[in-house]
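Student: I would like to learn how to read a model of this kind, feature by feature. Where do we start?

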Amino acid sequence: ESYNDPDKYEWKHSKYTEEQTIMTSTEWNQNMSEKAKRQLQYVSRRKEAVRKSRSKPKPRRYRPGAAALREIRRYQKSTELLIRQLPFQRMVREIAEGYKKELRFQSTAILALQEATEAY
């Protein structure tokens, strides 16, 4: 028997039949154009997403520590108190109450305590 004779040999192990593998040029072009359309749609969607994400400019990125140093310089130049006065006053009164009940403070005394605390 000859294996070259197509009538005698059956292609049992082949995945595709002969009809499935043969494609006309127009079918091939249509198939390729569908693939190209899908690819173009994908690319256009990606470009749209990138365009939307970059619609507002990115915030400026400073090197690590640069912003902290700028903040330190700013607070060293300024003379305003960093801790709010009323919370500081409540804390001072609460601590003082542990030593003696019903203590009274002059406003300048609490201010002097706060100045010393922030300078420390």
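Tutor: With the elements: helices (H or I, at least four residues) and strands (E, at least two) are DSSP runs, numbered from the N terminus. Read along the sequence, the protein chain here follows the pattern α-α-α-α-α, with five helices and zero strands. This is a predicted model, in which local features need pLDDT of at least 70, side-chain atom pairs count only at pLDDT 80 or more, and totals for chains, interfaces and linings use all residues. Residues are numbered from 1 along each chain as its sequence is written, and side-chain values use heavy atoms, with hydrogens and water left out.

Student: What span does helix α4 reach, and what is expected?

Tutor: The expected span of a helix is 1.5 Å times one less than its number of residues. Helix α4 covers residues 85-97, 13 residues, and reaches 18 Å from its first C-alpha to its last, close to the 18 Å expected at 1.5 Å a residue.

Student: Which residues of α4 are buried?

Tutor: An α-helix has 3.6 residues a turn, so residues three or four places apart point the same way. In α4, the buried residues are Phe 88, Val 92 and Ala 96. They cover an arc of only 70° around the axis, taken over the directions from the helix axis to the C-beta atoms, which puts them on the same side of α4. The face turned away from that buried side carries the exposed residues Leu 86, Arg 90 and Glu 94.

Student: What do the buried residues of α4 pack against?

Tutor: Contact means heavy atoms within 4.5 Å. The buried residues of α4 pack against α5. Ile 110 is found in helix α5 and is buried, with a relative accessible area of 7%. Not counting residues up to four places away in sequence, Ile 110 touches Phe 88, Gln 89, Arg 93 and Phe 105. The C-alpha atoms of Ile 110 and Phe 88 are separated by 8.4 Å, although the two are 22 residues apart along the chain.

Student: Is Gln 114 buried or exposed?

Tutor: Gln 114 is buried, with a relative accessible area of 1%. This residue lies in helix α5, residues 107-119. Leaving aside neighbours within four places in sequence, Gln 114 is in contact with Leu 81, Ile 83, Arg 84, Gln 85 and Phe 88.

Student: Where does Glu 102 lie, and what is its phi?

Tutor: Most residues other than glycine have a negative phi. Phi of Glu 102 is near 55°, a positive value in a residue other than glycine. Glu 102 lies in the loop between α4 and α5 and is exposed, with a relative accessible area of 80%.

Terms used:
Buried means under 20% relative accessible area, exposed over 50%, partly exposed in between (1.4 Å probe, protein chains only).
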